[in-house]
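Please read it beside the sequence and the structure.

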Amino acid sequence: MTQSDPTDEALATIASILETPTTGSPPIAPSEADGYTKIGPGPIASIRFRWSVRRGENDEYFVDETIGESSNPIAVGGPMSAEAAMKLVDERESDAHSRFEQIRREMISRGASAYPSADALRNNEE
């Protein structure tokens, strides 16, 4: 039985966490925009963003953003049409996924280059 390097095990664990896709709740696609919701990526629900369309008076729509499961919503868009509100929700979710993937890739590349491999450490000992 070979003994594995704890650094390699730690990096493998971090990579598996970061590479696991988060599904969250599927987007709600009601026949009307009111209630249309998308959830951003991330491994921790308490800091995950959620965007929802809310119908106001006179058929005006607003986009509310919340962070986590129990925060108060903040209006980030509106008044606007139903189509514009749904588009804003989609854009915010898409941007969040792009930023999340960029950060994930940076963390993985820094982790791989920041620590020498077990083989490199063994070679230095010899």
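Patches are made of residues with over 30% relative accessible area and no salt bridge, and nonpolar side chains are joined into one patch within 5 Å. The model discussed here is predicted. In it, Ile44, Ile47, Phe49 and Ile67 form a nonpolar patch on the surface, and together these residues have about 350 Å² of accessible area.

**Surface patch**
- Ile67, one of the patch residues, belongs to strand E3, which covers residues 61-67.
- Ile67 counts as partly exposed because its relative accessibility is 42%, which lies between the limits of 20% for buried and 50% for exposed.

**Largest pocket**
- The volume of the largest pocket is about 280 Å³.
- The lining of this pocket is made of 16 residues, and those nearest its centre are Pro41, Gly42, Ile47, Ala96 and Phe100.
- Strand E2 (49-55) and H2 are the elements that give two or more residues to the lining, and H2 supplies the largest share, with 6 residues.

**Salt bridges**
- The count of salt bridges in the model comes to 7.
- One of them joins the side chains of Lys38 and Asp90, with an N to O distance of 3.0 Å; this pair links distant parts of the chain, 52 residues apart, with Lys38 in strand E1 (residues 37-39) and Asp90 in helix H2.
- Lys38 is buried at 14% relative accessibility, whereas Asp90 is partly exposed at 29%.
- Arg54 and Asp64 also meet through their side chains in a salt bridge of 2.7 Å, N to O; Arg54 lies in strand E2 and Asp64 in strand E3, so this pair ties together parts that are 10 residues apart in sequence.
- Arg54 is partly exposed, at 35% relative accessible area, while Asp64 is buried at 11%.
- A further salt bridge, at 3.2 Å from N to O, is made by the side chains of Glu65 and Arg92; because Glu65 lies in strand E3 and Arg92 in helix H2, the pair ties together parts that are 27 residues apart in sequence.
- Glu65 counts as buried at 15% relative accessibility, and Arg92 is partly exposed at 28%.

**Arg104 in helix H2**
- Arg104 is found in helix H2, which covers residues 82-114, and its side chain makes a polar contact of 2.9 Å with the side chain of Glu101.
- Arg104 counts as buried because its relative accessible area is 16%, under the limit of 20%.

Technical notes
Residues are numbered from 1 along each chain as its sequence is written. This is a predicted model: local features need pLDDT of at least 70, side-chain atom pairs count only at pLDDT 80 or more; totals for chains, interfaces and linings use all residues. Side-chain values use heavy atoms; hydrogens and water are left out. Helices (H or I, at least four residues) and strands (E, at least two) are DSSP runs, numbered from the N terminus. Buried means under 20% relative accessible area, exposed over 50%, partly exposed in between (1.4 Å probe, protein chains only). A polar contact is a pair of N or O atoms within 3.5 Å; within protein, one must be able to donate a hydrogen and the other to accept it, and residues adjacent in sequence count only if both atoms are side-chain atoms. Patches are made of residues with over 30% relative accessible area and no salt bridge: like charges are joined within 9 Å, nonpolar side chains (Val, Leu, Ile, Met, Phe, Trp, Tyr) within 5 Å. Accessible areas come from the Shrake-Rupley method with a 1.4 Å probe; for residues, only the protein chains shown count as cover. A salt bridge is a side-chain nitrogen of Lys or Arg within 4 Å of a carboxyl oxygen of Asp or Glu. On a 1 Å grid over the protein atoms alone, a cavity is a set of points where a 1.4 Å probe fits but cannot get out, and a pocket is an open set with protein on both sides within 12 Å along at least five of seven lines; lining residues have an atom within 4 Å of a point. Grid points are joined across faces, edges and corners, and a volume is the space filled by probe spheres set on the points.
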